[in-house]
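Here is a short briefing on one protein chain. Please look over the sequence and structure first.

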Amino acid sequence: MFVRIYTGDDGQSHLEEMAAPEEAIHRIPTKPGEDLVFRTSTVNSFSDWHNPSRRQYLFVLDGQMEVSVKDGTTMLFNAGDVLLAEDMTGQGHVTNAINGTYTSVSMGIPD
């Protein structure tokens, strides 16, 4: 699954499924000096309303992560799923670890 989270004209975060790149190789440039962040959540963690600190791809490596936005839309991300986080303004979103922990890696991308 490939999903984008973004801030709409209403100032709220929205989730939309996207088609994954179809090319055999799809290169995305990163910012000079940017890093990859590997993160394992605490057991059954909950992160209240927040915005990402940068535009980024988040790849779920293990476990399950749930993302919710104000309109009630909730999506469950499993290992192999990708989230393009672009909701830099507005209310943001909520994340939960489901049934334990999840491990992810995030990569900042140019604006």
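The largest pocket is lined by 20 residues, and R39, H50, Q56, L58 and Y102 lie nearest its centre. This is a predicted model: local features need pLDDT of at least 70, side-chain atom pairs count only at pLDDT 80 or more, and totals for chains, interfaces and linings use all residues. Residues are numbered from 1 along each chain as its sequence is written, and side-chain values use heavy atoms, with hydrogens and water left out.

**Largest pocket**
- A pocket here is an open set of points on a 1 Å grid over the protein atoms alone, where a 1.4 Å probe fits, with protein on both sides within 12 Å along at least five of seven lines; lining residues have an atom within 4 Å of a point.
- The volume of the largest pocket is about 360 Å³.
- Strand 3, strand 4 (46-50), strand 5 (56-68), strand 7 (82-86) and strand 8 (93-108) each give at least two lining residues. Strands are DSSP runs (E, at least two residues), numbered from the N terminus.
- Strand 8 gives the most, with 5 residues.
- The lining has 7 nonpolar, 11 polar and 2 charged residues. Ala, Val, Leu, Ile, Met, Phe, Trp, Tyr, Cys and Pro count as nonpolar, Asp, Glu, Lys and Arg as charged, and the others, Gly among them, as polar.

**Salt bridges**
- The count comes to 4 salt bridges (a side-chain nitrogen of Lys or Arg within 4 Å of a carboxyl oxygen of Asp or Glu).
- E16 and R4 pair at 2.9 Å, N to O. E16 is in strand 2 (residues 13-17) and R4 in strand 1 (residues 2-7), 12 residues apart.
- R54 bridges to D35, with the closest N and O atoms 3.3 Å apart. R54 is in the loop between strand 4 and strand 5, D35 in the loop between strand 2 and strand 3.
- R54 is buried because its relative accessible area is 10%; buried means under 20%, exposed over 50%, and partly exposed in between (1.4 Å probe, protein chains only). D35, at 43%, counts as partly exposed.
- R55 and E86 meet at 2.6 Å, N to O. R55 is in the loop between strand 4 and strand 5, and E86 is in strand 7, 31 residues apart.
- R55 and E86 are both buried. Salt bridges that share partners join R4, E16, R55 and E86 into one network.

**Strand positions**
- F38 is in strand 3 (residues 36-40). F38 counts as exposed because its relative accessibility is 59%.
- E66 lies in strand 5. The C-alpha atoms of E66 and T95 are separated by 5.5 Å, though 29 residues apart along the chain.

Definitions and conventions:
Helices (H or I, at least four residues) and strands (E, at least two) are DSSP runs, numbered from the N terminus. Grid points are joined across faces, edges and corners, and a volume is the space filled by probe spheres set on the points.
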